[in-house]
Amino acid sequence: MKLALNSRPSFASLFHRRQGLRKPVRAQQLDAFDRKILAILQRDNNTSQRTIGERVNLSAPAVQRRIKRMTEDGVIQANVAVVDPTAVGQSVTIFAEVEVISETAEQIEAAKRAFASAPEVQQCYYVTGEADFILVIVVPAMTDYEALTRRLFFGNNNVRRFRTFVAMDRVKVGLSVTTES
């Protein structure tokens, strides 16, 4: 199985989102051609626009315009290489539930920034339920995770507790989104 190590949105989409410039994307704005294009790109982002056009019955320039629009609108957030973490020495995948003490907007935003800035944190979700955050973390060894916990959790006065789950096997890993309406 392969895993996207750097699936963060592009600088442009982060800039627009932080500045409030990004239009909210609604599913109904995507037509059948857009959805077919997205399905192809999620399988292989190196597929040429000519090939995509042949598969969806559009010209290459029409495909290019649609991809450009979907990128500008934030539908396509990043173009990344999917890397097997074990191939680059990142063989331990950990899921961490994090509960914070204070849920003021300022404290939550500070936690989001801290978690998002840690390179070991592959994904971060602000969630409902007992935990406030769920983190997906990839590290070379448990000693690296221990160092991360000292930095992110023990060193943060707003973290009440955290729970760790270590993955024993990768059964399914991916970031593909079903594009069918």
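**Figure 1. Salt bridges in the predicted model, eleven in number by the rule used here**. A salt bridge is taken as a side-chain nitrogen of Lys or Arg within 4 Å of a carboxyl oxygen of Asp or Glu. The structure is a predicted model, in which local features need pLDDT of at least 70 and side-chain atom pairs count only at pLDDT 80 or more, while totals for chains, interfaces and linings use all residues. Residues are numbered from 1 along each chain as its sequence is written, and side-chain values use heavy atoms, with hydrogens and water left out.

**Figure 2. Close-up of the salt bridge between D31 and R66**. The side chains of D31 and R66 meet at 2.8 Å, N to O. This pair links distant parts of the chain, 35 residues apart, with D31 in the loop between helix 1 (11–18) and helix 2 (32–43) and R66 in helix 4 (residues 60–72); helices (H or I, at least four residues) and strands (E, at least two) are DSSP runs, numbered from the N terminus. D31 is partly exposed at a relative accessible area of 31%, whereas R66 is buried at 16%, where buried means under 20% relative accessible area, exposed over 50% and partly exposed in between (1.4 Å probe, protein chains only). D31 and R66 also belong to a network of salt bridges that links them with D34 and R69.

**Figure 3. Close-up of the salt bridge between R163 and E97**. The N to O distance between the two side chains is 3.3 Å. Here too the pair links distant parts of the chain, since R163 lies in strand 4 (residues 159–166) and E97 in strand 1, 66 residues apart. R163 is partly exposed, with a relative accessibility of 48%, and E97 is partly exposed with a relative accessible area of 25%.

**Figure 4. Close-up of the salt bridge between R150 and E146 in helix 6**. The side chains of R150 and E146 meet at 2.8 Å, N to O, and both residues lie in helix 6 (residues 142–154), four residues apart, which is about one turn of the helix. R150 counts as exposed because its relative accessibility is 53%, while E146, at 41%, counts as partly exposed.

Figure 5. Leaving aside residues up to four places away in sequence, T93 touches V136, I137, V138, F165, V166, A167 and R170, where contact means heavy atoms within 4.5 Å.

Figure 6. At a relative accessibility of 67%, N57 counts as exposed.
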